[in-house]
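Please read the points below beside the model.

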Amino acid sequence: MRAAQISAIILGLIAVIAGAVGAFYWVGAALGVVAQALFGAAYIGVAVANAHTLLLVLVMILASLLTLAERKWSALMQDRIGPNRARFALPGLSNRSLAGLPHFLADGIKMLTKEDFVPDSASKGLFTLAPMLAFAPIFLLFAVVPIAPVLTASDIPGIAGLAASMGVSATFPVSLQVVPDLEIGLLYVFAFASLAVYGTAIAGWASNNRFAFMGGVRAASQMIAYEVALGLSLVGAMMIFGSLKLEDMTAGQTAGLFGGALPAWGIFLQPIGFLVFFVASLAETKRAPFDAPEGESEIIGYFVEYSGMRFGMFMISEFVEIVVLSGITVSIFFGGFHLPLPPAWGAEAWLASHVGAFGLAVVLGMGFVLKVILLCWVQLTIRWTMPRFRYDQIQTLGWKILLPIGLANVFVTGALILADQSLDWLAVAGLAQLIFVIGLTVLYPSKKPISIRHSGGAPAQPAMPQGH
Amino acid sequence: MAHDTHRETELRPGEARLSWYQKLYVPEVLRGLAVTTRHFLGNLFGDRDQSTDVLYRKGSLGNQVATIQYPEERMPYPEGYRGLHRLVPREDGKPRCVACYMCATVCPAQCIYIEASEYSDDPIEKYPTSFVIDQLRCIVCGLCVEACPKDAIRMDTYVHTPPEYSREGFVYPIERLLKGPAISYPSDPWMKREDSKQPTDQHFPLHGIAEHSTEPVAQKEPLPQGENHPPQPVFAESDFQKQK
């Protein structure tokens with residue numbers, strides 16, 4: 001009963017996402033037509049439309065819904081029910097929890113109407129600047145992520161007529177990407193991702209609170225430590241796809257491995273790179289298990305002096321970061337907006353011949369958003385599975401483990417690409433790594449760690465040499 | 001041997017002795033994620049078991065949500081739970097209480113206040129004109145119930161003190177205490193007035209009190225498993241709200 005209801009809701013949400021992608025295309029093309037008529041440059045209109053639809057609508061809505069999802073999903077993972085007490089005081093709705101949706105509106109109202117407290121001894125200008133510095137760079141990262149293929153404007157229903165009525169041609173390309181054709185692609189991502197450090201460090205310093213300051217220092221050192229691994233982890237992917245542009249990487253993943261039996265996804269070619277990137281990006285989001293900078297339960301963190309919407313900016317920037325990093329991960333390692341099917345089947349060509357270019361683009365865009373949501377879910381699951389790392393463990397993991405692994409991955413990838421340009425050897429190596437890890441996970445017998453305080457029963461025989 | 005044991009424990013604080021595959025960390029993390037995911041999917045898709053017996057809940061598809069949505073769902077209180085007091089009425093609606101002050105005397109919290117008076121038509125019995133329990137002072141020890149010689153005060157409501165907006169609201173007058181089913185025994189004086197046919201020696205068995213039973217304890221039937229909660233609650237909180 002409930003399974004059927006939940007499945008229906010999920011299908012409905014998928015339909016909503018598909019409709020939204022179609023609407024994004026249409027708004028982009030329509031504004032493009034207007035800009036073509038006004039300035040003679042359609043790309044201005046498309047870019048303005050994308051900046052609003054993709055950043056403000058898609059990313060912001062996903063991020064703010066994640067604030068609710070975090071609580072609701074964590075409740076499900078912990079055998080609880082989760083928030084369901086906020087209600088709309090409307091007839092017919094007053095007795096429905098609506099899966100906790102009113103909570104996220106109530107939270108927004110709460111954030112906006114709370115007292116905006118600034119400590120007397122704080123540095124006022126920097127105190128105000130810090131939340132913006134933490135939020136803006138993260139938000140900008142999504143500009144280079146392509147969420148659906150490029151279409152010609154006339155492919156989109158209704159646009160050809162609109163263009164004809166305004167007397168312009170509808171031959172300009174419409175892409176669902178805020179900044180298409182940005183050659184520096186990933187470098188832009190790294191540059192803005194590292195700018196986010198300033199927000200946290202300044203927040204800690206400007207609060208003039210020692211605990212906040214220590215939190216800011218922890219945040220800064222953690223983010224600097226993982227920047228290196230973050231950059232190194234993608235070098236392999238850059239070598240494989242021969243480009244820094246995310247749309248080139250997405251296009252590169254439609255190639256087939258082993259004669260088209262397997263899509264050339266980054267996860268198959270670069271499992272180690274994916275692991276390093278994912279861990280490093282988790283550390284960049286400063287969320288559990290890497291939430292030592294905040295440590296809200298015992299070692300309070302850099303935004304302890306913030307309240308109201310200033311705090312809300314820090315919080316929402318975490319969730320935006322989750323969405324953005326999921327988007328980048330999907331683009332590089334999970335085939336971007338392409339279907340998770342072997343290219344030999346020709347599924348996309350079949351779809352295009354049946355539902356047209358626009359229908360295919362909507363399906364692909366929907367697939368991208370679903371992949372992003374799935375990865376967001378994985379990140380939240382990790383947050384609710386793992387305990388927090390100790391601070392020295394964070395630094396050890398970053399400098400002594402991820403950095404050497406990332407370096408080794410670069411060399412091995414380079415050698416395998418040199419040895420075999422068709423990437424099949426690289427895929428064999430990657431699949432072997434995946435199978436090794438999955439095999440260990442599934443097959444290795446579950447065994448409790450030998451307790452330090454072992455007492456009673458048969459004496460534990462550690463696998464270390466005795467007697468010296 | 002003791003020396004060896006000591007050396008085995010020479011690990012740094014927080015360091016556990018792990019096998020090589022546990023040190024790889026990733027497989028163990030994936031196992032952990034699998035556990036979390038199993039709970040997530042089961043609780044997301046499975047029907048929730050609404051039974052209030054939380055420990056034995058078993059929903060469909062592995063739903064194991066343990067939450068009780070308190071004001072709507074309530075855990076049954078165990079048998080013998082000392083709930084809110086009530087003054088037991090007789091069949092005619094008057095309290096059984098004869099204003100003997102035994103409960104007020106035994107009360108360690110001194111939360112019972114009684115004023116006595118006499119029935120004009122019955123020079124033998126007294127009755128309380130005022131019987132007040134301050135629920136904020138009450139420590140729910142149940143001594144008043146045990147002290148009462150007339151079975152006139154009971155704590156069998158299986159309701160705990162409902163919230164109030166003022167301290168005065170927790171001072172329960174007799175109007176809020178006199179609730180519930182009427183109880184009368186054949187030995188009650190008002191049952192034995194002129195023309196009463198009940199013999200006086202029927203007193204004990206009709207009380208239904210175990211101590212007076214003659215059958216051996218070992219032969220008594222044990223309480224059936226899973227039905228260890230008696231039918232309740234007899235009362236709703238609204239029964240004890242102030243009369244508007």
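Which residue is the bridge partner of B:D134 in β5(B)?

1. The bridge partner of B:D134 is B:V171, in β5(B). This is a predicted model, in which local features need pLDDT of at least 70 and side-chain atom pairs count only at pLDDT 80 or more, while totals for chains, interfaces and linings use all residues. Residues are numbered from 1 along each chain as its sequence is written, and chains are lettered from A and ligands numbered from 1 in the order in which they are written.

2. Strand β3 of chain B, residues 126–134, pairs with β5(B) in the antiparallel sense over two bridges (strands are DSSP runs of E of at least two residues, helices runs of H or I of at least four, numbered from the N terminus; two strands pair if DSSP finds at least two bridges between them). The open sheet has three strands in the order β2-β3-β5 of chain B, with antiparallel pairing, and its edge strands, each pairing on one side only, are β2 (112–118) and β5 (171–172) of chain B.

3. Chain B is divided into domain 1 (16–75) and domain 2 (77–185 + 232–244), with bounds from an automatic or database domain assignment. The C-alpha centres of these two domains of chain B lie 45 Å apart.

4. In the contact between the chains, 31 residues of chain B meet 25 residues of chain A (C-beta atoms, placed from the backbone, within 7 Å). On the side of chain B that touches chain A, the elements giving two or more residues are α2 (20–23) and α3 (26–45) of chain B, and α3(B) provides the largest share, 14 residues.

Notes: Two residues are in contact if their C-beta atoms, placed from the backbone, lie within 7 Å.
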